[in-house]
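Student: I'd like a close look at one part of this model. Please take it step by step.

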Amino acid sequence: MSDVIERLFHVIQDRRAANPSDSYVANLQQAGLNKILEKVGEESIEVIIAAKDAHISGDTSEVIKETADLWFHSLVMLDYLGETPTSIFAELERRFGTSGITEKQFRKN
């Protein structure tokens, strides 16, 4: 599963240096962190709305599309911050075998 994420992340890294008028990723990177976070927030809200609609209609096609948009913009954010999906995979792996309730109790706020 992570192969698609890794491939997409490499495309994001490659496009970071492209001409901003030719590349959406380069345009976002040039606009800076606040613009990238704005897109992450916007996509998060769209996922919530799509999920609520899917719950009512039974049609999950929009929630899938919006979640893909959220993941994409989250990867752009990670790249901007100098992080990689590998860091996320490592954190998820670290949490295996730990109850979500227990994990939250030990989190530093």
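Tutor: First, the ground rules. This is a predicted model, where local features need pLDDT of at least 70, side-chain atom pairs count only at pLDDT 80 or more, and totals for chains, interfaces and linings use all residues. Residues are numbered from 1 along each chain as its sequence is written, and side-chain values use heavy atoms, leaving out hydrogens and water.

Now α4. A helix here is a DSSP run of H or I, at least four residues, numbered from the N terminus. Just after α4, Gly82 takes a positive phi of about 80 degrees.

Several α4 residues are buried, among them Leu70, Phe72 and His73. Buried means under 20% relative accessible area, exposed over 50%, and partly exposed in between (1.4 Å probe, protein chains only). Phe72 has 19% relative accessibility, so Phe72 counts as buried.

Phe72 also has a partner. Aromatic rings (Phe, Tyr and the six-membered ring of Trp) pair if their centres lie within 6.5 Å; planes under 30 degrees apart are stacked, over 60 edge-to-face, the rest tilted. The count is one aromatic pair. The centres of Tyr24 and Phe72 are 6.3 Å apart and the planes meet at 20 degrees, so this pair is stacked. Tyr24 sits in α2 (residues 24-31) and Phe72 in α4 (residues 61-80), so the pair ties together parts 48 residues apart in sequence. Tyr24, at 42% relative accessibility, counts as partly exposed.

Conventions: Helix = DSSP H or I, 4+ residues; strand = E, 2+ residues; numbered from the N terminus.
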